[in-house]
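Please find below a short note on the model shown here.

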Amino acid sequence: MTKNKKFRVSIIILAAFALILILGYNYVYQDHRNIETEQAAFSLSADEISDEFSKNPEESEKKYLNKTVEVYGHITELNDIDLTLNDNVYCGFNTSLNISHSIDSEIKIKGRCIGYDDLLEQVKLDQCTIVN
């Protein structure tokens, strides 16, 4: 192989390595989603989403996992940074809740679906915000 061909091969390998580094960096350091400003892909009651997950968890995960959803129902448990709707949808918030709602009041929540807890039989949402 001549010096000129070796130089070209070295340049190609170096360019490929640089491209892989750039793509890898962009993949690892993606912009974070802002669930609060995203349009909800689905809007349904707490009972509806819970029934779907309990009947067919695999299909429901394909449908809802990592999607922004709006869920409405009655507050059955209320803590500083989370609440539960209809005993079957857990909603985690990033900040403390300072709301005027109380147990049994109806509320609509928007959040990211992160899965289903088989043990507690609850759909889990995180990065939640109150819609109404």
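1. The model is predicted. The note begins with D118, which counts as exposed because its relative accessibility is 56% and the cut-off for exposed is over 50%. D118 lies in the loop between β5 and β6, the latter spanning residues 122-130.

2. E121, like D118, has its place in the loop between β5 and β6. With a relative accessible area of 52%, E121 is exposed.

3. The backbone of E121 also deserves attention. Its phi is near 55°, a positive value in a residue other than glycine. Most residues other than glycine have a negative phi. D87 is another case: the phi of D87 is near 60°, which is again positive in a residue other than glycine.

4. Where is D87 found? D87 sits in the loop between β3 and β4, where β4 covers residues 89-92. Is D87 buried or exposed? D87 counts as exposed, because its relative accessibility of 54% passes the cut-off of over 50%.

5. Helix α3 comprises residues 57-64 and holds E59. This residue counts as partly exposed, because its relative accessibility is 43%, and partly exposed covers the range between under 20% for buried and over 50% for exposed. E59 and L125 are 66 residues apart along the chain, and their C-alpha atoms are separated by 17 Å.

6. The strands may now be considered, with β2 (residues 68-78) as the point of reference. Strand β1, residues 42-45, pairs with β2 in the parallel sense over 4 bridges. Within this pairing, S45 has Y72 of β2 as its bridge partner.

7. Strand β5 (residues 106-117) runs antiparallel to β2, and 7 bridges join the two. One of the residue pairs is G73 with I107, the latter being in β5.

8. Which strand is joined to β2 by a hairpin? That strand is β3, and the hairpin passes through 3 residues. Strand β3 covers residues 82-85; β2 and β3 run antiparallel and are joined by 3 bridges. In this pairing E77 stands opposite T84 of β3.

9. To summarise the strands for the reader, β2 pairs with β1 in the parallel sense, whereas β2 runs antiparallel to β5 and to β3.

Methods: Residues are numbered from 1 along each chain as its sequence is written. This is a predicted model: local features need pLDDT of at least 70, side-chain atom pairs count only at pLDDT 80 or more; totals for chains, interfaces and linings use all residues. Side-chain values use heavy atoms; hydrogens and water are left out. Two strands pair if DSSP finds at least two bridges between them. Buried means under 20% relative accessible area, exposed over 50%, partly exposed in between (1.4 Å probe, protein chains only).
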